[in-house]
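Thanks for coming, everyone. I have a few minutes, so let me walk you through this one. Please look at the screen.

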Amino acid sequence: MEIEVLGRALTTLPADDDHPYRTGAWRPQSIERSADALEVVGELPPDLDGVYLRNTENPVHPALDGRYHPFDGDAMIHAVGFRDGKAFYRNRFVKTDGFLAEQAAGGALWAGIAERPERSIRQDGWGARGRMKDASSTDVVVHNGVALTSFWQCGDLYRLEPTTLETLGKATWGGQFPTSQGVSAHPKVDDRTGEMLFFNYGTEAPYMHYGVIDSDDRLVHYVDIELPGPRLPHDMAFTDNYAILNDCPLFWLPEALAAGKYRPKFHPDMPLRLGVIPRRGTSDQIRWFEASSTYVLHWTNAYESGDEIVLEGFHQEYPEPEDNGEGGIYQRLFRSLALDRMGTHLHRWRLNLRTGEVREERLSETVTEFGMINPHHAGRQHRYTYSATGVPGWFLFDGLVRHDTLTGREDRYSFGEGVFGSETAMAPRVGGKGEDDGYLVTIVSDVDRDLSECLVFDAANVADGPVARIRLPERISSGTHSTWAPGADLPHWRAYDDPTVAMGFDRPGL
């Protein structure tokens, strides 16, 4: 393995740090590296061609009053590139405005999620509640040949070169970016049309907007979506002809908001509302469907079937887990992050556009979340979902499950004792024929052996274990969202015969 240090971040984290989301599997990094000639155990498939990108909440400073939340960490992107049977690695911080300001100040300037907004040293900020740092450390997608990172609430989209991970600045959309509202965490890319769909939300009426970016990175559609009040949606879905938005009954208490406080509460007596709007529809064309009360953090897909829209995602049995007094202070404080405490199950909603009826069914008794599908099936009928299993009581992923949503069969793989993963992306095989014809790619961190690996699975045979394990140059902090960028979608990917140059190693002009 040949390693090059690209940069270092100033960190003020204590040497004796004992926060469970800044130690162990969540131990952050401060060094940016690139590595060539990675050690491979097994054999890399020669038709695995592209880059796996993972966003990571990676703190460099303690919280202002000690109540650090794992969503507060700064964005660090990890890239593992695959070409011609070889693998390459790079990690870089996303150079957000907040990251650069705190690097210059030598410490935290904004309060985190679990802290009071008024504790922020700087009173400007981002997000639906304001006075927060836009860490851009939640999701990552690739649109129009550029990687985009996003914030868990609403914020800017930061543009990155998808192989070198150089920060290219913020998305502007020709001056049309909705700066005052931002964009929510999970914009959706339709690889058939090249469009990117998004929404945002805030504390002022109409409380939500929905928009479309075309394949040339232009804002071509943006409309108001009226809600009864401020809400906290996180994700959306789409089909060939529609976008699906949501109004979940977990939101900030209005009386607390009036006092400048941000206290979310689940309202079990209120339904989940699902809004269906034509992809270029007007505000008055949205139709709302009511379903059983729950909160859905992530949707896996949606598609049209006759008169129905079929929507799948993770239904929470307990959107607001009670403090049962078990575990330490951090387990109790962050109990709403543990999959088992929320009771997250793969679920299906059928929305009948003709009758207005909603039918629901649970698709699995296994507690999973962070599901991915073959990206070629986004917005179209799919069969397989690849999801993460969680460590009881903690925000940690210990394995993955391949769900066959047609037969109900589940194939599982456990990462092993002391090994923790992240969202697993599906990489369709170049020239592949079927939905399950491809590979699953994820990064795992082994706390006991103090190392990280990138694992590659045959998507149709998950239980058999990885076909290849790629050793990475450092143990990587636990993370959440990821994406797969096919080589065919990447600028420069085939412009150079040498795959190391395609990944940005010694590329002219860089």
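Let's begin with one pair. R402 stands opposite D411 in strand 30. That strand covers residues 410–414, runs antiparallel to strand 29, and is joined to strand 29 by five bridges.

Some ground rules. This is a predicted model, where local features need pLDDT of at least 70, side-chain atom pairs count only at pLDDT 80 or more, and totals for chains, interfaces and linings use all residues. Residues are numbered from 1 along each chain as its sequence is written, and side-chain values use heavy atoms, with hydrogens and water left out.

Now some terms. Strands (E, at least two residues) and helices (H or I, at least four) are DSSP runs, numbered from the N terminus. Two strands pair if DSSP finds at least two bridges between them. Buried means under 20% relative accessible area, exposed means over 50%, and partly exposed is in between, using a 1.4 Å probe and protein chains only.

Back to strand 29. It spans residues 397–404, and seven of its eight residues are buried. On the way to strand 30, the hairpin has five residues between the strands, and G408 takes a positive phi near 85°. Strand 29 also pairs with strand 28, residues 384–390, in the antiparallel sense over seven bridges. There, S387 stands opposite V401. That hairpin has six residues between its strands, and G393 in the turn has a positive phi of about 85°.

Next, strand 4. How many residues of strand 4 are buried? Nine of nine, across residues 50–58, so strand 4 is largely enclosed by the rest of the structure. Nine bridges join strand 4 to strand 5, residues 74–83, and the two run antiparallel.

On to the histidines. For "binding site", an unreviewed UniProt entry lists H186, H234, H298 and H481. They span 296 residues in sequence, yet no two of their C-alpha atoms are more than 13.1 Å apart, so they gather at one spot. A caution: UniProt positions are in the numbering used here, feature names are shortened, and annotations may be inferred rather than shown by experiment.

Take two of them. H186 is in the loop between strand 12 and strand 13. H481 is in the loop between strand 35 and strand 36. H186 is buried, at 4% relative accessible area. H481 counts as buried too, at 4%. Their side chains are joined by a polar contact of 3.5 Å. Polar contact means a pair of N or O atoms within 3.5 Å; within protein, one must be able to donate a hydrogen and the other to accept it, and residues adjacent in sequence count only if both atoms are side-chain atoms.

Last, the largest pocket. It is an open set of points on a 1 Å grid over the protein atoms alone, where a 1.4 Å probe fits, with protein on both sides within 12 Å along at least five of seven lines; lining residues have an atom within 4 Å of a point. The largest pocket holds about 1400 Å³ of space, and 47 residues line it. Nearest its centre lie H69, I113, W152, P264 and S336. Strand 20 gives the most to the lining, with three residues.

That's my tour. Thank you.

Note on methods: Points joined across faces, edges and corners; volume = space filled by probe spheres on them.
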